[in-house]
Amino acid sequence: MKDPAELDINVSKVAVYGDHEMKKVLQKEGAERFGNDANVMISSEHWMDFIPKEADKGTALSRIQNMLGISLEETMCFGDQNNDIGLLRRGEESYAVADAAPSVKAAAKQIMTEGPF
């Protein structure tokens, strides 16, 4: 197998699977090493994402809003993990689920205390 650095491909995201302790180390060391070029964030209990600064769920939603002529006022967003923070900023109404990460709750306008079902 080739060294990934030698491959002639564009990478939009690197996702790493690990336990809680590994994620803490990856988040700290990843941010120190790649923080100028990438967002380093926990995306679920076992996953850590490394994505370009200019590419996140908020950027994707913004492009969709622009393509379809959808305003912030017409947009509602929901999130639970750090990779949802950009998304939450692109809607007039934004909700963090009850067990969301503290940083997600801080970014959301509302916190859901119970599910809709």
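Start with residues 38-42, strand β2. Five of its five residues are buried, so the strand is largely enclosed by the rest of the structure. Keep in mind that this is a predicted model.

Stay on β2 and look at its two faces. In a regular strand the side chains alternate between the two faces of the sheet. Here, A38, V40 and I42 sit on one side, N39 and M41 on the other, and all are buried. Both faces of β2 are therefore covered, since buried means under 20% relative accessible area.

Together β2 and β3 make a hairpin, with four residues between them.

Now select F50 and F34. The structure holds three aromatic pairs. F34 and F50 form one that is edge-to-face, with 6.1 Å centre to centre and 90 degrees between the planes. This pair links distant parts of the chain: F34 belongs to helix α1 (residues 20-34), F50 to strand β3, and they are 16 residues apart. F34 counts as partly exposed, at 36%.

Move on to F78 and Y95. They form another aromatic pair, this one stacked. The ring centres are 5.3 Å apart, with 15 degrees between the planes. Again the pair links distant parts of the chain: F78 lies in strand β4 (residues 76-79), Y95 in strand β5 (residues 93-96), 17 residues apart. F78 is partly exposed, with a relative accessible area of 41%.

Go to helix α2, residues 57-68, and pick M67. Is M67 buried or exposed? M67 is exposed, because its relative accessible area is 69%, and the cut-off for exposed is over 50%. Now draw a distance to I51. M67 and I51 are 16 residues apart in sequence, and 23 Å separate their C-alpha atoms.

Last stop: the surface near the start of the chain numbering. Select L7, I9, V11 and V14. These four form a nonpolar patch on the surface, and together they have about 340 Å² of accessible area. Focus on L7, in the segment before β1 (14-17). L7 is partly exposed, at 37% relative accessible area.

Note on methods
Residues numbered from 1 in each chain as written. Predicted model: local features only at pLDDT ≥ 70, side-chain atom pairs only at ≥ 80, totals over all residues. Heavy atoms only, no water. Patch = residues over 30% accessible without salt bridge, like charges linked within 9 Å, V, L, I, M, F, W, Y side chains within 5 Å. Areas by Shrake-Rupley, 256 points an atom, 1.4 Å probe, with all protein chains shown as cover. Salt bridge = Lys/Arg side-chain N within 4 Å of Asp/Glu carboxyl O. Buried < 20%, exposed > 50% of the residue type's maximum accessible area, 1.4 Å probe, protein only. Pairing = 2+ DSSP bridges. Phe/Tyr/Trp six-rings, centres within 6.5 Å; stacked < 30°, edge-to-face > 60°.
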